[in-house]
Amino acid sequence: MTNRKIRAALACAALALAAAAESPSEISVDLRLDEIDYVAGEKVRGVIDVKNTAPEKVSVGYSNSKDRLIVEIFRASDMSELERVSDRPFVAPFRVDTNEGQKLEVLLANHYALTEPRRYLARPVLIHGGMRYEGQYRAFDIVPGIKITGALQMFANREGLSREFSLLHWTRKGHEHIFLAATDHGGSDRMWVTSDLGALMRITRPTVSILPNGEVIVLHRTGPDHFIRSEFWSLPDALEFHTRELIQDPETAGQSSVKEMYNKAGGVKPIDRPWWKFW
């Protein structure tokens with residue numbers, strides 16, 4: 001083969017490789033996180049979007065499935081990859097036929113120890129037919145939250161074990177939220193799942209109370225006229241959310257009744273108390 005023919009063959013090969021690189025992948029995978037930052041202990045929820053235009057279907061999680069779907073997480077500072085703390089599947093079993101797509105929930109804290117405050121990068125990866133289909137990196141921060149108050153629970157039937165509860169606040173999507181975090185001491189030093197209890201109005205200081213039967217009650221103001229009462233059940237080997245109840249503020253409820261009475265009677269209006277005092 002002459003040099004001219006060799007050069008032509010190499011040029012054709014380079015063009016073919018370039019065209020293949022520019023052509024869209026038959027399978028795409030993407031990850032969208034609910035938030036840009038999470039208080040330490042939250043589940044770090046996201047949604048994985050799988051789209052398939054390949055001629056064969058994608059199958060993950062079934063007994064005969066050869067495909068795999070994972071999420072890799074790295075420390076943003078040095079790009080070191082985190083080790084998984086669980087080998088359970090990232091998502092529920094699913095199949096995606098050609099020209100179809102599927103969205104799947106993933107809880108990243110079920111698979112990685114995301115408790116150290118820092119920035120992380122998450123990347124979804126679908127392994128199909130011996131090839132890796134990688135999504136874009138998604139950045140998120142783990143933050144400690146700002147402590148408001150706390151309480152300590154002791155267990156009569158578990159000597160040496162104590163559970164420290166902390167009420168934290170942090171801004172989320174432009175609104176201040178309140179969180180309940182819990183950590184065990186005197187044993188495994190386990191950090192339980194941190195719960196987002198909703199929006200917080202900083203007028204009345206939130207409270208956390210522990211009853212002898214293991215009930216944990218959090219009361220916080222969510223608006224000028226309402227509180228939210230959140231109840232958890234805390235036992236030596238369990239911490240579970242039980243109920244959430246909206247409660248009208250008795251003081252403002254009384255004021256509203258008085259105002260309505262004065263308005264109907266045409267009398268003197270009562271004094272409005274400003275909602276400005278922060279705890």
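Is phenylalanine 74 buried or exposed? Phenylalanine 74 is buried, with a relative accessible area of 7% (buried means under 20%, exposed over 50%, and partly exposed in between, with a 1.4 Å probe and protein chains only). This is a predicted model, where local features need pLDDT of at least 70, side-chain atom pairs count only at pLDDT 80 or more, and totals for chains, interfaces and linings use all residues. Residues are numbered from 1 along each chain as its sequence is written, and side-chain values use heavy atoms, leaving out hydrogens and water.

**View 1. Phenylalanine 74 meets tyrosine 137.** Rings of Phe, Tyr and Trp (its six-membered ring) pair if their centres lie within 6.5 Å; planes under 30 degrees apart are stacked, over 60 edge-to-face, and the rest tilted. By this rule there are five aromatic pairs. In this one, the centres are 5.8 Å apart and the planes stand at 75°, so the pair of phenylalanine 74 and tyrosine 137 is edge-to-face. Phenylalanine 74 belongs to strand S5 (residues 68–75), while tyrosine 137 sits in the loop between strand S9 (131–134) and strand S10 (138–143), so the pair ties together parts 63 residues apart in sequence. Helices (H or I, at least four residues) and strands (E, at least two) are DSSP runs, numbered from the N terminus. Tyrosine 137 is partly exposed, at a relative accessible area of 37%.

**View 2. Phenylalanine 90 pairs with tyrosine 112.** Here the ring centres are 6.3 Å apart and the planes are at 40°, so the pair is tilted. Phenylalanine 90 lies in the loop between S5 and strand S6 (94–96), and tyrosine 112 in the loop between strand S7 (100–107) and strand S8 (118–128). Phenylalanine 90 counts as buried at 6% relative accessibility, and tyrosine 112 counts as buried at 3%.

**View 3. Ring pairs form a cluster.** Look for Tyr38, Tyr120 and Phe140, which ring pairs link together.

**View 4. Arginines lie over ring faces.** A charge sits over a ring if NZ of Lys or CZ of Arg is within 6 Å of the ring centre and within 35 degrees of the ring normal. Arginine 95 lies over the face of tyrosine 62, 3.7 Å from the ring centre. Arginine 190 lies over tryptophan 192, at 3.6 Å from its ring centre.

**View 5. Confidence is lowest in helix H1.** pLDDT is the predictor's confidence in each residue, from 0 to 100. Helix H1 (residues 3–22) has a mean of 44, whereas S10 is highest at 98. Where pLDDT is low, the predicted coordinates should not be read in detail.
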